[in-house]
Amino acid sequence: MEYDDTETARELAKRVRAFVDERVIPVERDYLGDGPVPDEEIAALREEARERDLYAPQIPAEYGGQGLNFRDVLPAFEEAGRSLLGPSAMRIAAPDEGNMHTLELVGTEAQKEEYLQPLVAGEIRSGFSMTEPAPGGGSDPKMIRSEARKEGDEWVIDGHKWWTTQGSEADILIVMARTDPEAHPYEGTSLFLVPADADGVEIVRDIPHVGGDLLGSSHAEIRYENVRVSEENLLGEKNRGFEHAQQRLGPARLTHCMRYTGMATRALEVAKAYTKEREAFDSSLSEKQSVRFTVAEAETRLHAVRTMVRDAAGRIAAGEEARIPVSMSKVYTANVVQDVIDDCLQLCGGNGIAKDLPLADFYEDVRAFRLIDGADEVHKRVVARDSFRDVEPSAIEGITEFKG
């Protein structure tokens, strides 16, 4: 399929595909079923990504990236997502990718120097600490209970968070907390940069979860008790934390879409190769109509995903919030990639559930996508609310009615 990508975007994606095929997938294969991949292996892949001018393409050159615009890097994100190791190798993996974007957008120059530059370089890791256990904020972020109060020239943070991705390994945490308890949470919440080793930060546990075996990713439960940070650790403007979070989450949802689309595309590549070679009932599996229809449906839906995401990304690049196109893209992509990977695993039979191929790891990893960055139901609610905003009464003019 041809998309309206620039020559820059196409050329970058082509080089990323070669990097993933030549260097990343061979490392992945060495550790399938035997993860996590050691840090030194990821470091070696990152060094080669730098040598190939593929490292952090979305970050301005002054902070250590390639300085390409958001729309141009999306096809490369898809190519990187063909391996679970690809995004980490190129420094475009969540949550660091979204946190770097947040620092770039709203961080002070001092914050960028202290945190953004080493984050881009891979010298430190980060977590985004927003979600809370019940009765705190989850799918309804208005229920956020964590608070930060000002005492002199310090902020004092108290709260209980969980599902902070990479929280156990993080050096710096972006924490969302209420700073004006009298205001609506959307207008009274702020973001803070909290060093993970600050007094009062307690990593309670890594929550056992589906997936993550190859990279050893964590989702931490964290308590913040009387955590003190200086006023310079306020990230962005006071009481605009939700606005800043949306600035982060819109693009992050689309980069997630492209990474997972790459994963589904590779799953399809594996399934097509397997079914073409495997014979049963007097012909190759690829000649069976049910298999061909399954593959055709997957190709069609992935094409729709790529088109939707590019449209939403183009709107963001043009300065729009694009909240509805982003929600549509996120919920549709999450379901499509899950279905495609599940179908590919089924087509490969026993080899699908074995961990000699990447499909089993893909299957475990993809399920979380329907929850992270907003559950399906949240995005459907956003789309439906907008859909019912301007209902035209005349659409049912002439409706049959009982006339007594």
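**View 1. Helix α1 bends by about 40° at V20.** The bend is the angle between axes fitted to the seven residues ending at a given residue and the seven starting there. This is a predicted model, in which local features need pLDDT of at least 70, side-chain atom pairs count only at pLDDT 80 or more, and totals for chains, interfaces and linings use all residues. Residues are numbered from 1 along each chain as its sequence is written, and side-chain values use heavy atoms, leaving out hydrogens and water. Spanning residues 7-31, α1 has 25 residues and reaches 35 Å from its first C-alpha to its last, close to the 36 Å expected at 1.5 Å a residue (1.5 Å times one less than the number of residues). Helices are DSSP runs of H or I with at least four residues, strands are E runs of at least two, and both are numbered from the N terminus.

**View 2. Here are the buried residues of α1 and their cover.** Among the buried residues are L12, V16, F19 and V20; buried means under 20% relative accessible area, with a 1.4 Å probe and protein chains only. Their cover includes α2 (39-51), α3 (70-80), α4 (86-90) and α7 (241-277). Just after α1, look for G33, with its positive phi of about 75°.

**View 3. I172 sits in strand β4, residues 172-178.** I172 counts as buried because its relative accessibility is 3%. Leaving aside neighbours within four places in sequence, I172 is in contact (heavy atoms within 4.5 Å) with residues including Y115, I124, R125 and L193. The C-alpha atoms of I172 and F192 are 10.0 Å apart.

Technical notes: Buried < 20%, exposed > 50% of the residue type's maximum accessible area, 1.4 Å probe, protein only.
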